[in-house]
Amino acid sequence: MKRNAGILADRAIGALFADGRLKSEAALDGDQIQPASLDLRLGSKALRVRASFMPGPNHSVADKLERLTLHEIDLEHGAVLETGCVYIVPLMESLDLPADLSASTNPKSSTGRLDIFTRVMVDRAQEFDKIPAGYRGPLYLEISPRTFPVIVRRGSRLSQIRFRTGHALLTEAEVLALHEAEMLVASERPNVSGGGIALSIDLKGTGPDGLIGYRGKHHTSVIDVDRKADHDVLDFWEPLYSRGRDELILDPDEFYILVSREAVHVPPLYAAEMTPYDPLVGEFRVHYAGFFDPGFGHAAVGGSGARAVLEVRSHEVPFILEHGQIVGRLVYEHMQERPDALYGSGLGSNYQAQGLKLSKHFRG
């Protein structure tokens, strides 16, 4: 049964292309449409700009780029994007949305785990990653690698887009009722507030050595975003161990990969999103919000026990994280209909049934 309001599923995303509401410079990749989102592809050039910017209600992105571009980089055969720099890349996909359909964007999981800061802009926008209903025009991706320099090329996929019609967000009461019926997080006493259900940090560690996470190294070689299992973990990451303390001191401006204490479940008729940093929980942030597709952690597709991997960064001061401390919240939305394919069901999903796991680019 199809709801009037909800997140568009894979079949409906395909229909947007068929109807000319979604356009692209090239045919879609075979796995580009996900259960509740579409991967967005980089175009053929990157523009190094002086600073991040917002186009504002009276300007197109192209207007601002004329003034702020430092130089243009050809991406046809791959190019290195350096840390600390800001790049704007026109995307291969563009939109012609109907008046009742809006969209939002987020970094892909692998993008966040490489500490690549990305966000989508559209013409006359006053917010990043939000695309108003009825928008017609190009899409641009702002990219700023924070820890590792990266190689990207035309067709690389760093961001993803979701489409929604009407009000799809579950209320706190609905989230609690869904948890009681479907066990959204593996917790007997879930913390449901702030519009979502809380996730806490696991600092007791996994395995006999008590591994709790990783801290990114500086001055590394480059990472090719399109190559899987191509790099040795220890060339880029310092493993972190519990040593029985159940706490971790976050150093300012260091990048950490950690994991939630709770397993996460997204039932087939719902989609979830990690909400951005909440200043009420401490002087740190879970660096990237993230999409969780229908079927993530769903036992029927091999996902029983999938935990949320967290990209964490402190602010100006050191901050002590303790085991079980709340670090983020999941908000849930209705799907308009059940996807044809769930996350993990033959889609080449990289993070189904995951524990503490680095991005797909590393061996082991």
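Modeller: Happy to. UniProt, in an unreviewed entry, lists residues 5-166 under "domain: 2'-deoxycytidine 5'-triphosphate deaminase N-terminal". Please keep in mind that we are looking at a predicted model. In that model, 43% of the span is strand and 14% is helix, and its end C-alpha atoms lie 5 Å apart.

Let's begin with one side chain. Arginine 119 sits in strand β9, which covers residues 116-121. The side chain of arginine 119 makes a polar contact of 3.0 Å with the side chain of serine 52.

Next, a sheet to trace on your screen. Three strands make an open sheet with mixed pairing, in the order β6-β12-β17. Its edges are β6 (79-81) and β17 (223-224), each of which pairs on one side only. Strand β12, residues 150-152, runs parallel to β17, and 2 bridges join them. In one of these pairings, valine 150 has isoleucine 223 of β17 as its bridge partner.

In soluble globular proteins, nonpolar side chains tend to be buried together. Here the largest nonpolar core has 52 residues, and the members touching the most others are Leu42, Leu95, Ile131, Leu139, Phe163 and Trp237. At least three residues come from each of domain 1 (6-165) and domain 2 (172-334), so this core draws on both assigned domains. Take tryptophan 237 as a guide: beyond its neighbours within four places in sequence, its contacts include Arg113, Phe148, Tyr214, Phe255, Ile257, Leu358 and Phe362. Arg215, Gly216 and Lys217 are also in contact with tryptophan 237.

To finish, here is another sheet. Five strands with antiparallel pairing form an open sheet in the order β14-β15-β26-β21-β23. Strands β14 (192-193) and β23 (290-292) are its edges, each pairing on one side only. Strand β21 (residues 270-274) and strand β26 (residues 326-334) run antiparallel and are joined by 5 bridges. For a specific pair to pick out, glutamate 273 has valine 331 in β26 as its bridge partner.

Technical notes: Residues are numbered from 1 along each chain as its sequence is written. This is a predicted model: local features need pLDDT of at least 70, side-chain atom pairs count only at pLDDT 80 or more; totals for chains, interfaces and linings use all residues. Side-chain values use heavy atoms; hydrogens and water are left out. Two strands pair if DSSP finds at least two bridges between them. Helices (H or I, at least four residues) and strands (E, at least two) are DSSP runs, numbered from the N terminus. UniProt positions are given in the numbering used here, feature names are shortened, and annotations may be inferred rather than shown by experiment. A polar contact is a pair of N or O atoms within 3.5 Å; within protein, one must be able to donate a hydrogen and the other to accept it, and residues adjacent in sequence count only if both atoms are side-chain atoms. A nonpolar core is a set of buried Ala, Val, Leu, Ile, Met, Phe, Trp, Tyr and Cys residues joined through side-chain atoms within 4.5 Å. Buried means under 20% relative accessible area, exposed over 50%, partly exposed in between (1.4 Å probe, protein chains only). Contact means heavy atoms within 4.5 Å.
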